Amino acid sequence: MKKWSTWRPENAQEQFDCIIIGSGISGLTTGAILAKLGQKVLILEKHFKIGGWTHTFKRKQYEWDVGIHYIGEVHNSYSTARKLFDFASDGKLEWAKMADNYDRIIFPDKSYDFNAPRQRFIDDLVGHFPGTQEKMEEYISAVDTVVRQGRPYFANKALPEWIAKMTYSTMTEKYFKLANRTTKDVIMSIFNDEKILGVLTGQWGDHGLPPDQSSFAMHAMVVRHYLDGGNYPVGGSRMIAETITDHIEKHGGKTFVNAGVDEILLKKDKAIGVRLENGDEILAPKVVSSAGVVNTYGKLLRSSKHAPTFQKRLRKVVPTGSYLCLYVGFNRSAKDIGLETTNLWIYPDYDHDKNIAEFSADSEKDFPVVYVSFPSAKDPAWDKEHPNSATMEVITMAQFDWYDKWASGYWKKHGDEYEAHKEKLSQRLLEKVFEHVPQAKAHLDYYELSTPLTVRDLANYPQGELYGLEHDPSRFQQRWLKPRSDIKNLFLTGQDILTVGVTSALFSGLVTASAITKKDLRKELL
Ligand SMILES: Cc1cc2nc3c(=O)[nH]c(=O)nc-3n(C[C@H](O)[C@H](O)[C@H](O)COP(=O)(O)OP(=O)(O)OC[C@H]3O[C@@H](n4cnc5c(N)ncnc54)[C@H](O)[C@@H]3O)c2cc1C
């Protein structure tokens with residue numbers, strides 16, 4: 001496991017071309033590209049580990065990823081996602097393909113397997129819903145169409161301001177025909193069947209909104225991303241940050257942990273550097289923030305003369321809801337227990353919108369989703385490093401305001417009542433999971449629950465946001481969600497400027513580096 005350097009005041013003496021706030025996949029990708037192009041980059045991370053949602057943590061003999069369970073497309077070495085991962089990691093990051101059955105959507109009466117490749121996905125669903133062949137093809141065609149039409153929409157974000165403005169309507173018009181509609185609207189207009197809607201949107205947790213609220217574009221991006229199967233990084237998700245930072249360091253860049261940025265320094269409305277939480281000031285000709293738009297526009301730019309405008313913009317987007325994650329360790333290998341690479345999505349009913357509304361009103365109601373992933377089963381390198389052990393992660397939704405009464409404390413110091421509350425929830429989650437993997441129960445050795453407060457305290461999402469900003473249709477209309485800010489020399493990157501997902505955040509790094517260098521880096525590098 002790579003050791004990370006802690007920030008020290010003497011580091012501020014060094015000269016850098018670009019400061020990057022945050023070390024998630026977006027910040028790392030921006031850093032790797034700029035470093036390879038000859039710029040000296042400095043990555044400042046508030047957490048004590050590099051990687052953002054790609055970092056891992058350990059307890060006893062176990063190790064868990066926190067924000068990556070499967071990635072599509074990267075098994076295909078010709079895919080742009082794979083090429084960009086290869087570029088950023090200098091070809092060092094390896095991927096393991098999961099079994100063809102990447103997701104299992106489970107309802108009380110029946111379960112539905114999502115199997116790769118795409119034709120099998122279609123055939124299997126038609127098998128479940130006989131007579132829907134043509135409609136299923138129409139649906140997949142709508143998925144393909146909006147994903148294809150999204151390319152110019154996202155490419156527009158990287159263009160110089162005046163060209164972006166001039167070409168905006170031609171580059172986005174077609175995309176908005178489907179992106180402006182909800183997932184439910186599009187799917188119901190094809191099938192008019194609530195049960196099919198429930199099954200086809202069984203991955204809604206991958207972007208965070210149920211079908212009556214999400215943009216069909218976001219739904220389609222998730223579906224399409226996994227149609228040919230899922231993959232997992234060999235050695236676990238920490239290998240992403242380890243390989244990319246090696247690459248950055250090879251080109252003279254530096255990364256530091258425990259280096260939270262308190263404010264972006266401005267002079268005559270230009271970004272000139274940052275002030276850290278410990279008061280150190282570091283100057284550089286360019287600053288990139290990957291800390292999310294709520295942090296960047298709401299806090300880091302609080303002294304800007306544009307602050308009121310930024311606040312107004314932030315009122316047009318909605319931070320996503322939060323979640324609970326139970327990290328579980330078993331004292332047998334995944335093979336011994338019979339754990340598979342397939343993710344489970346356990347639902348109380350086909351109506352996801354209703355499930356969420358009921359749970360939001362009363363947290364004692366059935367969990368609206370219980371998502372289960374078995375990371376150790378997905379990682380071919382696991383058994384060698386962690387013999388006779390296996391891991392599982394169990395996720396459900398939660399609201400930040402349920403934790404208001406404990407919100408004044410910090411990580412691990414929220415008190416006994418909070419711990420008792422966590423224990424109760426952990427037992428509820430375990431009971432639900434063991435209905436579906438009963439053979440694992442006897443080998444349970446360790447569990448620990450994260451809550452919205454953990455996300456706030458450790459990942460610095462102020463409301464414990466699961467995925468940054470909600471992906472409803474209006475989000476895609478926010479033209480200010482782009483790499484160029486109103487402040488000269490300040491750029492943004494990350495899931496908020498494109499969409500949620502490791503691959504999307506990876507691409508945001510490319511888009512931001514393109515905006516900084518004023519080059520079409522997709523063409524040039526990939
Ligand atoms: C539970 C969960 C499961 C997920 N599963 C998947 C999956 O299976 N597949 C998939 O593709 N995607 C998944 N995602 C989504 C994916 O992980 C994210 O979309 C992506 O990693 C976001 O990357 P990012 O670089 O935009 O942000 P982040 O990874 O959040 O990085 C931002 C970084 O900025 C740092 N930071 C914040 N404020 C400051 C500051 N003031 N100073 C310095 N640093 C700061 C943060 O500490 C963080 O390290 C999941 C996410 C979660 C939460």
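Author: What follows starts at the ligand and then moves to other parts of the chain.

The model is predicted. Around the ligand there are 37 residues, and those that come nearest are Glu45, Gly67, His69, Tyr461 and Gln495. In Ser26, an N or O atom of the side chain is 2.6 Å from an oxygen atom of the ligand. For Glu45, an N or O atom of the side chain is likewise 2.6 Å from a ligand oxygen. With Gly67 the backbone takes part: one of its N or O atoms lies 2.6 Å from an oxygen atom of the ligand. The ligand taken alone exposes 1,000 Å², and the protein buries 97% of that area.

The make-up of the shell can be given by class: 21 residues are nonpolar, 14 are polar and 2 are charged. By secondary structure, helix H1 (25–36) and helix H18 (502–517) each contribute at least two residues to the shell. By domain, at least three shell residues come from domain 1 (9–59 + 79–88 + 236–317 + 471–525), and at least three from domain 3 (321–339 + 374–459).

Next come the aromatic rings. The structure has 36 aromatic pairs.

Phe359 sits in helix H13 (residues 352–361), while Trp402 is in the loop between strand E18 (390–398) and helix H16 (416–434); the two are 43 residues apart, and the pair links distant parts of the chain. Elsewhere, ring pairs link a cluster made of Tyr153, Phe154, Tyr168, Tyr175, Phe176 and Phe476.

Thr56 is in strand E3 (residues 56–59). Its relative accessible area is 4%, so Thr56 is buried. The side chain of Thr56 is joined to that of Glu63 by a polar contact of 2.7 Å.

Two residue pairs show how separation in sequence and distance in space can be set side by side. Tyr226 lies in helix H8 (residues 216–226). With a relative accessible area of 8%, Tyr226 is buried. Tyr226 and Asp103 are 123 residues apart in sequence, and their C-alpha atoms are 9.2 Å apart in space. The other pair involves Met239, in helix H9 (residues 238–250). Met239 has a relative accessible area of 23% and so is partly exposed. From Met239 to Asp401 there are 162 residues in sequence and 34 Å in space, C-alpha to C-alpha.

The last items concern the backbone. Most peptide bonds are trans, and most residues other than glycine have a negative phi. The peptide bond between Ala116 and Pro117 is cis, with omega at about -5°. Pro117 is in the loop between strand E8 (111–115) and helix H3 (118–128). Asn460 is not a glycine, yet its phi is positive, near 65°. Asn460 is placed in the loop between helix H17 (452–459) and strand E20 (490–492). Its relative accessibility is 31%, so Asn460 counts as partly exposed. Asn489, again a residue other than glycine, has a positive phi near 70°. Asn489 is also found in the loop between H17 and E20.

Conventions. Residues are numbered from 1 along each chain as its sequence is written. This is a predicted model: local features need pLDDT of at least 70, side-chain atom pairs count only at pLDDT 80 or more; totals for chains, interfaces and linings use all residues. Side-chain values use heavy atoms; hydrogens and water are left out. A residue is near a molecule or strand if one of its heavy atoms lies within 4 Å of it. A polar contact is a pair of N or O atoms within 3.5 Å; within protein, one must be able to donate a hydrogen and the other to accept it, and residues adjacent in sequence count only if both atoms are side-chain atoms. Accessible areas come from the Shrake-Rupley method with a 1.4 Å probe; for residues, only the protein chains shown count as cover. Helices (H or I, at least four residues) and strands (E, at least two) are DSSP runs, numbered from the N terminus. Ala, Val, Leu, Ile, Met, Phe, Trp, Tyr, Cys and Pro count as nonpolar, Asp, Glu, Lys and Arg as charged, and the others, Gly among them, as polar. Domain bounds come from an automatic or database domain assignment. Rings of Phe, Tyr and Trp (its six-membered ring) pair if their centres lie within 6.5 Å; planes under 30 degrees apart count as stacked, over 60 as edge-to-face and the rest as tilted. Buried means under 20% relative accessible area, exposed over 50%, partly exposed in between (1.4 Å probe, protein chains only).
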